[in-house]
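The sequence and the structure come next.

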Amino acid sequence: MSPVGTIVLLSGPNLQLLGERQPEVYGTATLDDHVAAARAAAEALGYVLEHAQSDHEGDLVGAVHAARGRADALVVNAGALSHTSWSLHDALAAFDGVVVELHLSNPAAREPFRQVSVLAPVADGSLAGFGGLGYPLAVEAAVRLLAARG
Ligand code: DQA
């Protein structure tokens with residue numbers, strides 16, 4: 001079966017340390033494990049999944065630009081940039097496909113600085129607090145939104 005479309009998964013700063021980084025908060029699965037789960041979900045629904053991770057805000061902004069007109073949906077766990085990055089906010093606002101914001105933890109239940117997402121206003125929806133389960137859920141949500149858009 002040829003792919004129906006493309007989903008781009010973006011991972012922000014420090015997420016390459018998953019598995020070692022605060023496992024009591026983020027679990028023991030690695031970023032590769034999460035990407036594999038997201039990719040399996042995408043492929044089961046007929047989509048190709050591409051992944052990029054960067055610690056640098058500009059790289060993530062560039063990855064959003066590169067997805068414009070090419071990818072159908074973005075799934076974005078921007079890490080701490082979720083709480084600060086107006087440039088990523090603006091880049092996502094200029095993306096015309098589906099945007100799903102994703103977090104492993106539930107930032108609403110954590111420190112005050114995590115309780116605001118500057119990306120949420122430009123996402124179609126946000127998924128947080130489901131741990132690794134969030135990755136396939138976010139892909140499925142993106143595909144369902146795409147189908148609903150027709
Ligand atoms: C995170 C939550 C952010 O507050 C934090 O800075 C991260 C990970 C999450 O997946 O729970 O790096 O995005």
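A residue counts as buried when its relative accessible area is under 20%, as exposed when that area is over 50%, and as partly exposed in between. The model discussed here is predicted.

**Two residues with positive phi**

Asn 14 has a relative accessible area of 34%, so this residue is classed as partly exposed. Asn 14 belongs to the loop that runs between β1 (5–11) and α1 (23–26). Its phi is positive, about 75°, although Asn 14 is not a glycine.

Gln 22 lies in the loop between β1 and α1. Here, too, a residue other than glycine takes a positive phi, with a value near 35° for Gln 22. Because its relative accessible area is 34%, Gln 22 is partly exposed.

**A residue in the strand**

Ser 11 is part of strand β1. Is Ser 11 buried or exposed? Its relative accessibility is 0%, and therefore Ser 11 counts as buried. The side chain of Ser 11 makes a polar contact with the side chain of His 51, at 2.7 Å.

**The ligand site**

| Residue | Protein atom | Ligand atom | Distance |
|---|---|---|---|
| Asn 77 | polar side-chain atom | oxygen | 2.8 Å |
| Ala 80 | polar backbone atom | oxygen | 3.1 Å |
| Ser 105 | polar side-chain atom | oxygen | 2.6 Å |

For Asn 77, the atom 2.8 Å from a ligand oxygen belongs to the side chain. For Ala 80, the atom 3.1 Å from a ligand oxygen belongs to the backbone. Ser 105 places a polar side-chain atom 2.6 Å from an oxygen atom of the ligand. How much of the ligand's area does the protein bury? The ligand taken alone exposes 320 Å², and the protein buries 99% of that.

Definitions and conventions: Residues numbered from 1 in each chain as written. Predicted model: local features only at pLDDT ≥ 70, side-chain atom pairs only at ≥ 80, totals over all residues. Heavy atoms only, no water. Polar contact = N/O pair within 3.5 Å; in protein donor to acceptor, adjacent residues only side chain to side chain. Areas by Shrake-Rupley, 256 points an atom, 1.4 Å probe, with all protein chains shown as cover. Helix = DSSP H or I, 4+ residues; strand = E, 2+ residues; numbered from the N terminus. Buried < 20%, exposed > 50% of the residue type's maximum accessible area, 1.4 Å probe, protein only.
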